Amino acid sequence: MSEAVTVLKLGERVPDFELPVYDPVKGDFGKFRLADQIQKKRWTILFFYPADFTFV
Amino acid sequence: MGGDIITISTDTEYVHLAWQKSEKELAQVRHPMASDRTGKVSRMFGVYDADTGLALRGTFIINPEGVLLNSEVNYYNLGRNIGELMRKFKANLYMAKKANEVCPSKWLDEGDKTLTPSATLVGRVHEALNA
């Protein structure tokens, strides 16, 4: 069952979200939270792509 | 530069680890590689492809207040230009400091000509850009 999600619009505040990450600097797994970026007053660039081990 | 880049695909974080360690093109990667396994965040940004379970090539710039300011989405076969991403990011940084200025189409980097919208600029953009 999938929940309906309203797609974000430009100018809208992005709701907080959290994703598991691999951090190559630490060489370990961790978590990314948008709220941490806001707290640190940092810009965030989200770069989505289809799949690892592919090209382009 | 006051910003952080996060890459996101629907692969698990284990695949990210394996890929970053095996692909020499990624040896210099320093940013977190996020896993959106369920596609929940990809759906929030409108890039989830339910037919494939993969995310389209979307780039989104969010300011320090959490507001979404820029979006670019390409289909699978077209890579994004990193120079263009940096141009947009730098423009956003600049305009956050100079809230009354806007960056026109030829703006490439700090120091390039900007416009200051006002009633006197209406119909006079050519003169302003070529002053």
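In strand β2(B), V21(A) has A34(B) as its bridge partner. Strands here are DSSP runs (E, at least two residues), helices are DSSP runs (H or I, at least four residues), and both are numbered from the N terminus. V21(A) itself lies in strand β1 of chain A, residues 18-23. The model is a predicted one: local features need pLDDT of at least 70, side-chain atom pairs count only at pLDDT 80 or more, and totals for chains, interfaces and linings use all residues. Residues are numbered from 1 along each chain as its sequence is written, and chains are lettered from A and ligands numbered from 1 in the order in which they are written.

V21(A) counts as buried because it has 23 C-beta neighbours inside 10 Å. The cut-offs are 20 or more other C-beta atoms within 10 Å for buried, 12 or fewer for exposed, and partly exposed in between, with C-beta atoms placed from the backbone. Residues up to four places away in sequence aside, V21(A) touches F29(A), G30(A), K31(A) and F32(A) in chain A, and E13(B), P32(B), M33(B), A34(B) and S35(B) in chain B. Contact requires C-beta atoms, placed from the backbone, within 7 Å. R33(A) is 12 residues from V21(A) along the chain, and their C-alpha atoms are separated by 10 Å.

β1(A) and β2(B) pair in the antiparallel sense over two bridges. Pairing of two strands requires at least two DSSP bridges between them. Helix α1 of chain B (residues 13-22) packs on the sheet and touches β1 and β2 of chain A as well as β2 of chain B. The direction of this helix makes about 25° with that of β1(A). Helix α3 of chain B (residues 82-97) also packs on the sheet, touching β3 of chain A and β1, β5 and β6 of chain B. Its direction makes about 15° with that of β5(B). Axes are lines fitted to C-alpha atoms, for helices over the stretch in contact, and angles run from 0 to 180 degrees between N-to-C directions.

The sheet is open and has seven strands, in the order β2(A)-β1(A)-β2(B)-β1(B)-β3(A)-β5(B)-β6(B), with mixed pairing. β2 of chain A and β6 (68-74) of chain B are the edge strands, each pairing on one side only. β3(A) runs parallel to strand β1 of chain B (residues 3-9), joined by six bridges. Within β1(B), G3(B) is the bridge partner of W43(A).

The contact between the chains takes 35 residues from chain A and 49 residues from chain B. On the side of chain A, β3(A) gives the largest share, six residues. By class, that side has 26 nonpolar, three polar and six charged residues. Ala, Val, Leu, Ile, Met, Phe, Trp, Tyr, Cys and Pro count as nonpolar, Asp, Glu, Lys and Arg as charged, and the others, Gly among them, as polar.

The largest nonpolar core has 25 residues. Such a core is a set of buried Ala, Val, Leu, Ile, Met, Phe, Trp, Tyr and Cys residues joined through C-beta atoms within 7 Å. L46(A), F48(A), I8(B), F45(B) and A55(B) have the most contacts inside it. The largest share of this core, five residues, comes from β3(A). F45(B) touches residues of both chains, including L46(A), F48(A) and F60(B).

Chain A holds one helix and three strands, which run β-β-α-β from the N terminus on. Buried residues make up 27% of its 56 residues.

Conventions
Two residues are in contact if their C-beta atoms, placed from the backbone, lie within 7 Å.
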